[in-house]
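Below are some short notes to read alongside the structure. Please keep it open and find each element as it is named.

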Amino acid sequence: MHPLCHSEGLELFLLILGEDKTPATFPPNILKIAESIAWECDGLPLAISVMARTMKGIHNIQQWRHALNKLGRLEMGTEMEEEVSEDAEFMRNMACHILKESQRCIVRCDQRLREIPHLQGWTADLDLVSLNKNLIREIPVGISPYCPSLLTLILRNNDISSIPECFFTHMKALAILDLSQNHSLTSLPDSLSDLTCLVSLVLRYCLELKYVPTLGRLQKLSRLVISGTSVEVVPDLEMLTNLRWLDLSHNEELPKDLTNLSIDCNACLKSLCDALSNTASSSLMNIEIQSCAEMKSLFCLFGNCSFCNNLNNLQSLQLRCLQSLRVICKEDVADTVLPCAIFSHLRHFKISYCNEIETLVTAGLFSQLQNLQTLTVDSCDSLTEIFAVNSSDVDIELLMMVLPPLHSPTSPPWSCLTCQN
Ligand SMILES: [Zn+2]
């Protein structure tokens, strides 16, 4: 397993470049190359930091292409000397960054360490510490490394059972914290709440983890991964307005106070109920799902699915780039009254770049749409019907009556609106 997954690698890369803001300030073509460069670095935090520092401040697309090219060729082992003379500056620059970077890093992965490095090793100018895949069981009580510049701390894949309250006290710049796969970790210290620069908090497969302190002050947090944990409540989750990526896959329970659910780039999920069928979620108001390549339907509508049965306050639903999505509800039998009123409070519905779905709203769902205000359909090439309602069920007057506040529909295929005979 790579020390960082692809998206984490890209996150770190953009973070060091200072390009982690939304919306991105880089033009999309540079962003694409940045993504490839992060990819070429193979999840190695040191390589990612070096490359990011080499490219920092460069906004010329040619130079970016050139760097990617070099990196690809380095990996393939082409004549180094030739390359060096050809691109002396780039190489010198990179070498310089490697040297500097290695002095600002502790990277000790897979070395069977039983303890974290001695306090003397945690120097004030450190910006990356990765102790991935070791045997660390304990972080000594009272230890509080003074690392005001530390950006990335990776402690994943150890056996840490507790983290002292003061451990993060002098790590105020921390942006990426990965504590994944510490199976015995049951709680996180309250001082985590003060890490206001945190962008990414990854707690994947901390199986026993139950207690997470309030995250309300972590206003930069854009990614929270609590999949495969025992976390039931994430205090103040609704205050995290920058949260773009909440990964809850494989969780038994959804946090009880969750109002916004956003799932991005989850390659496992086939439907929302897959992951959340044991979950009561009546507080959930907004669902945003994008780039889940395997997602075929959203809701199951089975009578015993507590997710569907409690989803009765949903106000907005946004779907984007779900290339396998064929239906909204799996068990949606046309013309029947549905068992769950999941759409009865829905006000905003947006779907874009979903190219498998043919009928958007079946008759059963349609009858629940009395509160719909906006419906946006964009670039869904397969769509032939927006409302599968025929004249025996509903006439056009009823349609207007059922959907009184509907306004500003954007883009085709509104010509396909079916209320046909
Ligand atoms: Zn369900």
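1. Begin with helix 3, residues 45-55. Of its 11 residues, 10 are buried, so helix 3 is largely enclosed by the rest of the structure. Bear in mind throughout that this is a predicted model.

2. Which residues of helix 3 are buried? They are Pro45, Ala47, Ile48, Ser49, Val50, Met51, Ala52, Arg53, Thr54 and Met55. The list includes Arg53 as well as Ile48 and Val50. An α-helix has 3.6 residues a turn, so residues three or four places apart point the same way.

3. Look next at what comes after the helix. Glycine 57 follows helix 3, and its phi is positive, near 85°.

4. For the chain as a whole, the count is 10 helices and 14 strands. The protein chain has 421 residues, and buried residues make up 38% of them.

5. How much of the contact count comes from residues 24 or more positions apart? Taking the contacts in the protein chain with a separation of 6 or more, such residues account for 63%.

6. Now turn to the strands. Strand 9 (residues 286-290) and strand 10 (residues 316-320) run parallel and are joined by 5 bridges.

How values were computed
Residues are numbered from 1 along each chain as its sequence is written. This is a predicted model: local features need pLDDT of at least 70, side-chain atom pairs count only at pLDDT 80 or more; totals for chains, interfaces and linings use all residues. Helices (H or I, at least four residues) and strands (E, at least two) are DSSP runs, numbered from the N terminus. A residue is buried if 20 or more other C-beta atoms lie within 10 Å of its own, exposed if 12 or fewer, and partly exposed in between; C-beta atoms are placed from the backbone. Two residues are in contact if their C-beta atoms, placed from the backbone, lie within 7 Å. Two strands pair if DSSP finds at least two bridges between them.
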